[in-house]
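Let's look at how the labels on a model get decided. Have the structure open while you read.

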Amino acid sequence: MSDTDAGTPAFEMTWSSTTSSGYCSQEDSDSELEQYFTARTSLVRKPRRDQDEPLEWEKPILSQSEIERKIKEYNSQINSNLFMSLNKDGSYTGFIKVQLKLVRPVSVPATKKPPTLQDAKRPTGKNQAVKRRTSFYLPKDTVKHLHVLSRTRAREVIEALLRKFLVVDNPRKFALFERAERHDQVYLRKLSDDEQPLRLRLLAGPSEKALSFVLKENETGDVNWDAFSMPELHNFLRILQREEEEHVRQILQKYSRCRQKMQEALGARPLG
């Protein structure tokens, strides 16, 4: 990663996606919105199979010779061209793969047609005012390869991903996690802003089971409502109202069926 004229980190990204995306304008009907997102599934905290526990493998500070040895060892173990390279200044570059596992919608500037990956690669002005927004549902389990420097921080990775998709939400809504599989158990740990994902990748080696990266909503306990825009909050209220109405309808329907069954049973029995 190199710095541009205004001091903004520059990233080189290689995109790969396994699914198509869905878009829904906040001015459209709610049916499409509810197809991807409900308050019950997205705002209420649920027990997770993934455990938010620290990964126990050590993260030592490497000398320059150890870094060089690690890079050679890493490159010898991969079966692709996503190599790591040692730079003259002692830093190194390489690729990290980030899996996007977002449940809630993100906001992008409203356009006549949904932005594509090609649109996301075009530079945009920093001070562009966003007058209208469109709710954008990132494809489930989309995978992105990022070409970064060893000194690239986790917060910069998140900002770069959002910038490439034209997402205008506060980056603090999102967090980068490291994921590891051990003994049929999955462990997750949220990276701090200043941690360096490529360094973690080098230390863990190329195995995805030993370490992978996941972008998720930044769950801090209770929902931080101040981080959402007014249109988003209005959408949530409408969704909650519809869920409540649907829940009441299902309960009434359930008791109506029970009442009908009991009346049928009573009618089938002889008097006396």
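Q: How do helix α3 and helix α6 cross, and within what distance do their axes come?
A: This is a predicted model, where local features need pLDDT of at least 70, side-chain atom pairs count only at pLDDT 80 or more, and totals for chains, interfaces and linings use all residues. Residues are numbered from 1 along each chain as its sequence is written, and side-chain values use heavy atoms, leaving out hydrogens and water. The axes of α3 (residues 64–77) and α6 (residues 197–204) come within 9 Å and cross at roughly 70°.

Q: Why are α3 and α6 called roughly perpendicular?
A: Angles of 65 to 115 degrees get that name; the crossing is roughly 70°, so α3 and α6 are roughly perpendicular to each other.

Q: What makes the contact between α3 and α6?
A: Ile67, Lys70, Ile71 and Tyr74 of α3 meet Arg201, Leu202 and Leu203 of α6, with contact meaning heavy atoms within 4.5 Å.

Q: What makes Arg155 and Asp193 a salt bridge?
A: The term needs a side-chain nitrogen of Lys or Arg within 4 Å of a carboxyl oxygen of Asp or Glu, and this pair sits at 3.2 Å, N to O. Arg155 is in helix α5 and Asp193 in the loop between β12 and α6, 38 residues apart. The structure holds 13 salt bridges.

Definitions and conventions. Axes fitted to C-alpha atoms, helices over the stretch in contact; angles between N-to-C directions. Helix = DSSP H or I, 4+ residues; strand = E, 2+ residues; numbered from the N terminus. Parallel < 35°, antiparallel > 145°, perpendicular 65-115°, else oblique.
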